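The following paragraphs lead the reader through one protein chain, from its overall form to single residues. Please keep the sequence and the model in view while reading.

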Amino acid sequence: MTNPTPSRFTIDDLYELGWLEDPRLSPDGQTAAVVWVTVDRVNNGYRRQIVLVPTNGGPLRRFTRGKHDRQPRWSPDGRWLAFVSHRDDERGQIYLIPVDGGEARQLTAMPNGASDPAWSPDGRWIAFLSPVSVDEQAREDAGEMPSPPADAWEARRAREQRQHDEELRIDPRVVTKLPYRSGTSYFDDRWRQVYVVEVGDEDRTATPRRLTSGEIHYSTPVWLPNGEALLSTATRDPEADSLFAYYDVVRIPLDGLPHALTSPGFSYFDPQPSPDGSQIAFLRLNEERLLGEGRRVAIIPAEGGEPHDLTAHTDLNVEQFRWQPDGQGILFSAGWRGDAHVYQIGLPGTPTYRNGLTLVGGARLVSEFDVGRDGSIVFIAGSADNPCDLFFRSADGHERRLTAINDRLLQQRIIVPIEEMTYLAPDGSEVQGWTLHPPDFDPMQRYPLAVYIHGGPHVMWGPGFRSMWHEWQVAAARGYVVFFCNPRGSEGYGELWRDAIRRNWGEADAPDILAGIDALVARGYIDPNRIAVTGGSYGGYMTAWLIGHDDRFACAVAARGVYNLLTLHSTSDAHELIEIEFGGYPWELYEELWDHSPLAHAHKIKTPLLLLHSELDYRVPISEAEQLFAILRRQKKVVELVRYPREGHELTRSGEPRHRADHMRRTLEWFDRYCQV
C-alpha cells in the first residue's frame with residue numbers, strides 16, 4: 001500500500017502535535033526519563049506522562065498513566081523514579097514508582113501540595129518544596145498537624161472544608177506587596193519552604209520535616225555530595241517587590257539554620273555543587289543591568305567566596321548548565337544566531353577554560369538537556385523540519401535520535417523549508433531573518449506576505465522555535481510568504497545587540513524589521529499591497545508601533561501587546577521591566593515613556609487592526625488592549641477586540657487548545673480578509 005500524497009498543514013494539526021519536557025538520564029546512562037505532552041482534545045487540555053527511552057535507540061516505554069505527571073527524578077541506584085502527579089490531589093504530590101514495574105505509591109500528602117523532588121546521595125531521603133504560610137509554619141512547629149482522614153468520606157469532607165475556609169480567608173483580599181498576582185492567579189500568603197522526608201517503605205509513612213521558615217521563597221533544593229546539607233536560592237529581601245530578581249544562594253544544613261553564600265549586586269539562580277563538593281556553580285545576573293548582560297555561569301568555593309565568571313567572555317546568555325562528571329568544567333546551553341547549542345567550558349587552569357567546545361551543534365535549537373555520569377548528553381531539540389524530539393550524544397561523540405513523537409503527522413504533511421536570509425538595516429548592520437514559501441511557490445507570481453514579530457523583547461527566534469513552528473507552516477500552507485527576523489534587542493547576537501533598544505523601544509528595532517520587508521519586496525514576488533503583520537507581547541507592541549508609523553500594511557493583528565508604557569508599569573507583574581529598560585520611573589520619564597508608547601501614535605493608525613488578549617493576563621493586563629481599542633473605536637477606525645476568558649499571557653503556548661486554535665484561526669482569517677484578493 002502506497003503512502004497518501006502529503007497535504008498542507010492545517011490549524012487543526014495543533015491537536016496532533018506533542019512535545020517533550022525535562023529529560024533526565026538514568027545513573028547508568030542507558031535510559032532517559034522524559035515528560036511527553038499531548039493535547040487532550042476532548043477535555044480541551046493536555047496530558048503529561050512520563051516515558052522511558054532507551055539511549056541505545058530502542059522503542060520508548062510509557063511509564064506513567066496519569067493525566068498530569070511531571071518532574072521525573074532518578075534515585076541514585078536507578079531503581080526508582082520520584083515524580084510529581086496530580087492524580088489524587090489537584091495541588092500535586094510526590095510519588096515513587098519502581099523502574100522495573102509496579103504501582104506508584106504516594107510519598108507526600110502536604111496540605112498545599114509538594115514539588116521539585118531531589119534524592120539524597122544515599123537514596124534515603126527526598127527533599128522537596130511546599131508552600132506554607134507563617135501561621136501554618138507555627139502550627140507545624142507546635143506539632144499541630146491534622147490527622148489523616150479515616151476514609152474517603154472524611155477526606156472529601158476535609159477537602160471541602162479546606163476549600164471553604166480558603167475562600168473566606170481571601171474575601172476580601174488584602175494586598176500589601178508587589179507583585180500580588182502572576183500567571184492566571186493571585187498570590188496568597190504562603191512561601192515555598194524546603195522539606196525532607198525519609199523514603200522508607202510502603203508499609204511505613206514518614207512525616208516530612210521542614211528545614212526552612214519565614215516569609216521567604218526558596219527554590220528547587222539540591223543536595224551536596226556528602227548529604228549533610230542542601231543548596232537552594234532564597235529571596236534576599238521580601239520587600240524588594242520583584243518576581244525575577246534579588247535571590248541569593250543559600251546553604252541549608254540538615255540540622256541548623258540556612259545561611260547565604262552570596263552577596264548583593266547580582267541575582268543568583270540554580271546552584272549546583274561540583275561532583276566532589278568542593279565548588280558551587282550557579283547562574284547570575286547583574287542587578288544593575290538585569291536584561292543587558294544576560295545570564296552567566298560563575299563558581300565559588302563550597303564554603304563561599306568571591307564568584308569567578310566562567311562564561312562572561314563568550315558573550316552568550318546561558319539558558320541551562322550542568323557540571324562535567326569529572327568536575328573539570330561546565331556544560332551549558334545558549335542561543336546564537338537562531339540556533340541553540342550545548343557548549344563545554346573548563347575551569348581555570350584547564351585546556352578549555354578560554355576556548356570552549358561545541359558538543360551539540362547543528363542547525364537546531366536545543367531547549368533542554370541532561371548529562372550522564374560518563375559525559376553523555378540527552379537533549380530535546382527542534383529544527384526547520386521537526387519541531388521537537390529527543391536525542392542522545394554518547395561520551396565518544398556519536399549522536400542518535402531517540403524519538404519520533406510527531407512523525408506520523410509530519411509524514412502526512414508538506415513541510416516547507418525555512419530559509420535563512422541576511423540583509424542590511426539602514427545603518428549598515430546585518431540582520432538575520434527567515435522565510436517560508438507556499439508549497440506551490442512560483443517566483444513568477446505575486447504573493448501576500450505575513451510578517452511575524454517575536455516578543456520578549458529579549459528573545460531569539462529560529463527555525464527550530466517549537467511554539468511557532470506549526471503556525472509558520474500553516475500560514476505558508478495558506479498561501480503566504482512568511483517572514484520573521486531577530487531585530488535589535490533579540491537574544492543570540494551578543495550583549496551590544498541585545499542592549500541596543502534600551503531607552504529606545506520601537507525606534508531602534510523597527511528599521512530592522514522594515515528593511516527585511518523591503519528586501520523581500522525587492523525580490524519581485526511579494527505584492528506590496530498585501531502585507532500583513534502580527535506579533536505577541538512585545539511583538540504586539542511592535543505591531544501597533546509599526547502601523548502607527550508606517551501605512552504599508554494591509555492589516556495587522558496585535559496579541560497581548562504593550563501599548564501604554566505608563567500604565568503597564570503599574571499593572572504588570574513585571575513592573576521592573578520598564579524601570580530596567582528605560583532607567584527610571586514613570587514620574588521621572590513621563591514624556592519619554594509616552595513617546596515610546598504605541599498609544600501615543602494611535603491617532604495616526606489607518607491599518608485595520610485585530611486585538612487579541614487574555615482576560616487573566618497579569619504580565620500584560622487586558623487594560624492595555626482596552627485602551628487601544630477605545631482610542632481607535634472613538635476615531636471610527638477598523639478595529640476589533642477579542643477577549644479570551646480563563647487565559648493568561650501564555651495563551652498561544654500553553655493555553656486551552658481550543659483557544660490556541662481560535663487565536664490562530666482569527667489571525668489568519670483577518671489576514672485573508674485584507675490580503676487574499
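How many helices and how many strands are there in the protein chain? The chain holds 13 helices and 38 strands; helices (H or I, at least four residues) and strands (E, at least two) are DSSP runs, numbered from the N terminus. The radius of gyration of the protein chain is 26 Å, close to the 26 Å that the globule rule gives for 677 residues, so the chain is as compact as a globular protein of that length. This radius is taken over C-alpha atoms, and the globule rule is 2.2 Å times the number of residues to the power 0.38.

The model is a predicted one, in which local features need pLDDT of at least 70 and side-chain atom pairs count only at pLDDT 80 or more, while totals for chains, interfaces and linings use all residues. Residues are numbered from 1 along each chain as its sequence is written, and side-chain values use heavy atoms, with hydrogens and water left out.

Along its principal axes, the C-alpha trace of the protein chain spans about 75 × 60 × 55 Å. Of the 677 residues, 56% count as buried; buried means under 20% relative accessible area, exposed over 50%, and partly exposed in between (1.4 Å probe, protein chains only). The accessible surface of the chain comes to about 29,200 Å², and carbon and sulfur atoms contribute 49% of this surface. Such areas come from the Shrake-Rupley method with a 1.4 Å probe; for residues, only the protein chains shown count as cover. Among the contacts with a separation of 6 or more, 57% are accounted for by residues 24 or more positions apart, where contact means heavy atoms within 4.5 Å. The chain carries 72 positive and 97 negative charges, whose mean positions are 5 Å apart. In this count Lys and Arg are positive and Asp and Glu negative, whereas His and the chain ends are not counted; the place of a charge is NZ of Lys, CZ of Arg, CG of Asp or CD of Glu.

The backbone deserves attention next. Most residues other than glycine have a negative phi, and most peptide bonds are trans. A cis peptide bond, with omega about -15°, joins leucine 178 and proline 179. Proline 179 lies in the loop between α2 (152–169) and β11 (181–182). Another cis bond runs from glycine 456 to proline 457, with omega near 5°. Proline 457 is found in the loop between β33 (447–453) and α4 (466–477), and it is buried, with a relative accessible area of 2%. Leaving aside neighbours within four places in sequence, proline 457 is in contact with Gly489, Ser490, Ile501, Trp505, Tyr538 and Glu581.

Positive phi values occur at aspartate 116, with phi near 55°, and at arginine 560, with phi of about 40°. Aspartate 116 lies in strand β9 (residues 115–119) and counts as buried at 15% relative accessibility. Arginine 560 has its place in the loop between β36 (555–559) and α8 (565–571); it is buried too, with a relative accessible area of 9%.

Which residues does threonine 652 touch, not counting residues up to four places away in sequence? They are Arg560, Arg660 and His663. Threonine 652 belongs to helix α12 (residues 651–654) and counts as buried at 16% relative accessibility. Threonine 652 and histidine 663 are eleven residues apart in sequence, and their C-alpha atoms are 7.4 Å apart in space.

Both Arg660 and His663 are among the buried residues of α13, as are Trp670 and Phe671. The 19 residues of helix α13 (residues 657–675) should span 27 Å at 1.5 Å a residue, and the end C-alpha atoms are 27 Å apart, which agrees. The expected span is 1.5 Å times one less than the number of residues.

Two further residues complete the tour. Valine 249, in strand β17 (residues 247–253), is buried, with a relative accessible area of 0%. Beyond four places in sequence, its contacts include Ser232, His259, Tyr268 and Phe282. Phenylalanine 629, in helix α11 (residues 623–634), is partly exposed, with a relative accessible area of 26%. Not counting residues up to four places away in sequence, phenylalanine 629 touches Leu611, Val639, Glu640 and Leu641.
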